[in-house]
Amino acid sequence: HAPQNDLRIVGNLALAQKDACRVIFRQVQDSHDLAVERKGVFEEAIDEFKKAVELDASNEEAHLYKGKTFVVGLAGEAIETLYAADLAPHYGQLAYHFEQGAAYDKACHYLRLAGDRARDDYQNDTALDYYTRLLSLLATPEVEAVGVDGDAGATPQTTIDALLGRGAVLSTVGRWSEAEADLDAARSQAATNAYAMQLAEAEYLLGYLHLNRADFDQAIGYLG
């Protein structure tokens, strides 16, 4: 998306933030990719964090990182507010901001939505990227602690849904072995957690995977 869009988004939010946040927000003029392209370039922000740095000079990078992480998360919240009527086109952007802002429950939420949307639009590589990032995040202790959408119990179901989504896309693009591994994992976890709908979907997808591979006996075993 265009940098000026980020500038407008954060401009609306910056009015309500303390000076330190306003200073960091101004850095998005050159790029929205705060955590990667702008790393170490927040010269003005250094002044705002100067007191903290002076108190603990050995952790200057940690102070700056904390500030940048906070601001990127605020940018995600601003997008949610500005585009509340139609968030779907912004799922990927929201996932990015909340990943970088360490808002892991929201990052998982939007990675899942972005992956599903890309899959529905046949943007296979993009969908695989979102699902893979989601699965990686779901495996971290931070997400295990807070869960998805603030519900620690939702993590297993979200993991199964991500495995099903990625497995379906991998099957579509002919990466059979990888697809089978994801779908088998989803099937096993769905059975363990007694998720009947996800179990049925996993067996359905496995059946058609084997059908496409001309492995008819196994296909019949799953499809009945």
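**Figure 1. The whole chain, starting with its contacts.** Take the contacts in the protein chain (heavy atoms within 4.5 Å) between residues at least 6 apart in sequence: 52% of them join residues at least 24 apart. This is a predicted model, where local features need pLDDT of at least 70 and side-chain atom pairs count only at pLDDT 80 or more, while totals for chains, interfaces and linings use all residues. Residues are numbered from 1 along each chain as its sequence is written, and side-chain values use heavy atoms, leaving out hydrogens and water. You'll find 13 helices and 0 strands here (DSSP runs numbered from the N terminus: H or I of at least four residues for helices, E of at least two for strands). Of the 224 residues, 42% count as buried (under 20% relative accessible area, with exposed over 50% and partly exposed in between; 1.4 Å probe, protein chains only).

**Figure 2. A look at helix H6, residues 91–100.** This helix is mostly covered, with 8 of its 10 residues buried. Among the buried ones are Tyr91, Leu94, His97 and Phe98. Just after H6, look for Ala102, which takes a positive phi of about 60°.

**Figure 3. A nonpolar patch on the surface.** Meet Tyr204, Tyr208, Leu211, Phe216, Ile220 and Leu223, which together have about 580 Å² of accessible area (Shrake-Rupley method, 1.4 Å probe, only the protein chains shown counting as cover for residues). Helices H12 (196–212) and H13 (216–223) each give two or more residues to the patch. Patch residues have over 30% relative accessible area and no salt bridge, with nonpolar side chains (Val, Leu, Ile, Met, Phe, Trp, Tyr) joined within 5 Å and like charges within 9 Å. A salt bridge puts a side-chain nitrogen of Lys or Arg within 4 Å of a carboxyl oxygen of Asp or Glu.

**Figure 4. Zooming in on Tyr208 in helix H12.** Tyr208 counts as partly exposed because its relative accessibility is 37%.
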